[in-house]
Amino acid sequence: VKRRVAITGLGAVTPVGGDVPRFWQSLREGRSGIRPISTVDCARLRFKNGAEVEGYDPTSYFSEKDLGLLDRFAQFGLLAAREAVAMAGIEWTPRLRDRTAVVTGSCLGGKITEDKVFAGVYGGEGRRTHPFSIPRAMANAAASQIAMEIGARGPSYTISTACASATHAIGQAYWLLRSGTADLAVTGGSEAPFALGHLKKWEALRVVAPDTCRPFSRDRRGMILGEGGAMLVLEPFEAARARGAVILGEVVGFGMSSDAHHVTQPSAEGAALAISAALEDGGMRPEQIDYVNAHGTGTAVNDPIEAEALRLALGEHARRVPISSTKSMHGHALGAAGAIEAVATVLALRDGVLPPTANFTEADPECDLNVIQNEARAVMAEHALSNSFAFGGLNGVLIFRRGGD
Amino acid sequence: MDNIESRVLEAITRLQFLEPGRATPASTFEDLGMTSLDSLSLIADLEEQFQIEIPNDQAMAVSTVRQAVECVRRLVPDGALQA
């Protein structure tokens, strides 16, 4: 028996708002959080702009002692989980704690921690490596810290599939609940990529824009890195209804695929397979999709391939369905991207407001799509796709449904 | 064949593990089985060898041996290679 899976809590720490209300307000207004990078000295970098969580002061949320064990990426994960769990208003029992899963996505783990350790080791200063460096930097640190904070003792793990990490995590959590393997899940992703050693690697790949992120726009010049975290609380629909929880939306389909093609060049066929798999998983037809939250990185290569993938999977409907890339506002948060975009998609369905692609200047004939340009659209959409296509050709696609009966 | 051209051909041959003589001034990267990632690694190698900085838009426009040679030639100061 497949159980329906409801979303009852959302949390987000992002460059366009440190919590869900502020995040959503920014997206509705098409406000971009892309600014000059402030937490890293960019003198030795070819790009200067990023999307950082503005005015973030960890000591407002964590004790000095706790911070010793928390890399910035784990802090974002924990804060998003706190908000999501509080929103869900869960009534904890020992049994429920034993049946609660925590599934997170992270591409990088604690890169800022690692960068500091390596600078100390190779920098010739002979600086002592802090004994907490391993538990701070491990990719599953956010999942473990969330599980400890809420006392979740069910299946918990972290998925690392580059830019698809959080989408794969949410999909896995969805399947755990649908199959009855768990009775509650906190799931999403978090990332903190702004460490000089890590940014140098992106510089070498030459895909980061010198200005801003303009997905699907003819003059796009690349992606903009972002940081943050987002989490969802999932529970069986019937259980959520029985306890009178506010149902924010549902997860109704999940699909995965591998391009098996090239390590950085995406394949339209591979991405289309994941979209089709999600539709099949949800027992849905292409015409039922009313909105697409795109992977939409704003690189020369991704956007036309994504357009082609949508054409392959949705047919003629691909040119009609409204689509936007919210990365134009919150940046590309890598292993957190799918979670931040999932929160945006769930809220778009709940409120009947489709967020725009910001910074859009001119349509690109190579991306023949119904792009929501710069201003949100009021559309009561029922179902939405959220795409994540990772480097390495690993794809994940989620389908969400508006809350209701 | 001038100095820049021979060094570009040497770099491609080395990075792509090609038979000597396979890469010629007329080769396209596609002819040589090079992907965009291979092209990036060539560009990085040329930056290091010639002590130059190749901006992203120029790097992205390179997809043949001739374009790579021209790209380097534009950025290397006159006479710098005669030493």
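Which residue takes a positive phi in the hairpin of β14(A) and β15(A)?

1. **Ground rules.** This is a predicted model: local features need pLDDT of at least 70, side-chain atom pairs count only at pLDDT 80 or more, and totals for chains, interfaces and linings use all residues. Residues are numbered from 1 along each chain as its sequence is written, chains are lettered from A and ligands numbered from 1 in the order in which they are written, and side-chain values use heavy atoms, with hydrogens and water left out.

2. **The sheet.** Eleven strands of chain A form an open sheet with mixed pairing. Their order is β5-β4-β6-β7-β1-β8-β15-β14-β9-β10-β12. Helices (H or I, at least four residues) and strands (E, at least two) are DSSP runs, numbered from the N terminus. Two strands pair if DSSP finds at least two bridges between them. β5 (156-159) and β12 (370-371) of chain A stand at the edges. Each has a single partner strand, so one side of each is left without a neighbour in the sheet.

3. Strands β1 (residues 5-13) and β7 (residues 228-236) of chain A pair in the antiparallel sense. Eight bridges link them. A:Ile7 stands opposite A:Leu234 in β7(A).

4. **β14 and its partners.** β14(A) covers residues 383-389. Seven bridges join β14(A) to β15 (residues 394-402) of chain A, and these strands run antiparallel. A:Ser386 has A:Leu398 as its bridge partner in β15(A). The hairpin has four residues between the strands, and there A:Gly392 takes a positive phi near 90°. With β9 (residues 291-293) of chain A, β14(A) pairs in the parallel sense over three bridges. There, A:Tyr291 has A:Ala384 as its bridge partner.

5. **β14 is covered.** Seven of the seven residues of β14(A) are buried. Buried means under 20% relative accessible area, exposed over 50%, and partly exposed in between (1.4 Å probe, protein chains only). Both faces are covered. On one side are A:His383, A:Leu385, A:Asn387 and A:Phe389; on the other are A:Ala384, A:Ser386 and A:Ser388.

6. **A close look at A:Ser388.** A:Ser388 counts as buried because its relative accessibility is 1%. Its side chain makes a polar contact with the side chain of A:Thr167 (2.6 Å). A polar contact is a pair of N or O atoms within 3.5 Å; within protein, one must be able to donate a hydrogen and the other to accept it, and residues adjacent in sequence count only if both atoms are side-chain atoms. Not counting residues up to four places away in sequence, A:Ser388 also touches others, including A:His295 and A:Gly338. Contact means heavy atoms within 4.5 Å.

7. **Two helices packed.** Helix α8 (residues 165-178) of chain A and α15(A) pack at an angle of about 65°, with their axes 5 Å apart. Axes are lines fitted to C-alpha atoms, for helices over the stretch in contact, and angles run from 0 to 180 degrees between N-to-C directions. A:Ala166, A:Thr167 and A:Ile170 in α8(A) meet A:Gly338, A:Ala339 and A:Ala342 in α15(A).

8. **The cores.** The largest nonpolar core has 48 residues. Helix α15 (residues 337-351) of chain A gives the most to this core, with nine residues. A nonpolar core is a set of buried Ala, Val, Leu, Ile, Met, Phe, Trp, Tyr and Cys residues joined through side-chain atoms within 4.5 Å. A:Ile7, A:Leu234 and A:Val343 are among those with the most contacts inside the largest core. A:Val343 touches residues including A:Leu10, A:Phe23 and A:Leu232, not counting residues up to four places away in sequence. Apart from this core lies another, of 33 residues, among them A:Leu78 and A:Val233.

9. **Two loop residues to check.** A:Phe216 has a positive phi of about 65° although it is not a glycine. A:Phe216 sits in the loop between α9 (196-205) and β7 of chain A. A:Leu334 also is not a glycine, and has a positive phi of about 50°. A:Leu334 lies in the loop between α14 (327-330) and α15 of chain A. A:Phe216 is buried, at 1% relative accessibility. A:Leu334 is buried, with a relative accessible area of 1%.
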